[in-house]
Amino acid sequence: MKADPVELLLRDHFELKKFYFISGNEKTLMDKIKDLVIKSHSLNQKLIIEKTKGLKSLVEESSLFGDKKVYILVDITDISNEVLDSKSEDESVYVFLVENSPKVKSIKTIFLNRKDSYLIDCYDLSQGSKVKILNNFLEKKSMSLEKDVYWYLIERFDKKYGFLEKEMEKIGMLDRADISLDTINKIISNSVTGIQNMFFELNK
């Protein structure tokens, strides 16, 4: 089934699945969702995280201490309903982390139609998504903003989730009396410089 990445991030908890297919072109959001999945499965038990390439050749080995394994996979060449079915009875969780490509479309259909799976597409944040994220942030921090400051933030917030998150962290550290358009503008301007540097590092 399909799941909205932003809705998953904003929930206190969500129904856990066996397979997670995380795709799209927004790397920071993909990584955030991957981390959220791992965290959600680790609430009641210790996990072993293992990065591997493909699924079909994976040999499941039981942990000596009974720990559940979460496999992070990046290869989609051997994915089929039959292969997924063969893994459905074991105790492990499978997280596929795959950027969009022409080959991915047909694979997505497999996960979309399975009840034991989430298909999670991660793209640049829309204005509506930024509104949801900011509202959730303000509620948790018990903060309120003037209308002009609020909409200024929505317009200026980065479309990449990882960068937006860092901008909100800076706002959260401000004294409530210091939150003004001038202060926010300085924070966002400084963030833009940092974001540009991070972007270049990620794409070297």
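Tutor: Here we take a few terms one at a time and set each value against its cut-off.

Tutor: Keep in mind that this is a predicted model. The mean pLDDT of the protein is 86, and 87% of its residues reach 70 or more.

Student: Why is Lys 17 called buried?

Tutor: Its relative accessible area is 8%, and buried means under 20%, so Lys 17 is called buried. Lys 17 sits in the loop between helix H1 (5-10) and strand S1 (19-24). Beyond its neighbours up to four places away in sequence, Lys 17 touches Met 1, His 41, Val 93, Lys 115, Asp 116, Ser 117 and Tyr 118.

Student: What makes the backbone oxygen of Lys 115 and the side chain of Lys 17 a polar contact?

Tutor: A polar atom of the Lys 17 side chain lies 2.8 Å from that oxygen, and the cut-off is within 3.5 Å.

Student: What makes S2 and S5 edge strands?

Tutor: Look at the order of the open sheet, S2-S3-S4-S1-S5, in which the pairing is parallel. Strand S2 (47-52) and strand S5 (117-122) each have a single partner strand, so one side of each has no neighbour in the sheet.

Student: How do you know that S3 and S4 pair?

Tutor: Pairing needs at least two bridges, and strands S3 and S4 have 4 bridges, in the parallel sense. In one of the bridges, Tyr 71 has Tyr 94 in S4 as its partner.

Student: Why is the aromatic pair of Phe 19 and Tyr 94 called stacked?

Tutor: The centres are 5.5 Å apart, and rings pair within 6.5 Å. The angle between the planes is 25°, and under 30 degrees counts as stacked. Phe 19 lies in strand S1 and Tyr 94 in strand S4, so the pair ties together parts that are 75 residues apart in sequence.

Student: What makes the pair of Tyr 150 and Trp 151 edge-to-face?

Tutor: Here the planes stand at 80°, and over 60 counts as edge-to-face. Tyr 150 is buried at 12% relative accessible area, whereas Trp 151, at 38%, is partly exposed.

Terms used:
Residues are numbered from 1 along each chain as its sequence is written. Side-chain values use heavy atoms; hydrogens and water are left out. Helices (H or I, at least four residues) and strands (E, at least two) are DSSP runs, numbered from the N terminus. Buried means under 20% relative accessible area, exposed over 50%, partly exposed in between (1.4 Å probe, protein chains only). A polar contact is a pair of N or O atoms within 3.5 Å; within protein, one must be able to donate a hydrogen and the other to accept it, and residues adjacent in sequence count only if both atoms are side-chain atoms. Contact means heavy atoms within 4.5 Å. pLDDT is the predictor's confidence in each residue, from 0 to 100. Rings of Phe, Tyr and Trp (its six-membered ring) pair if their centres lie within 6.5 Å; planes under 30 degrees apart count as stacked, over 60 as edge-to-face and the rest as tilted.
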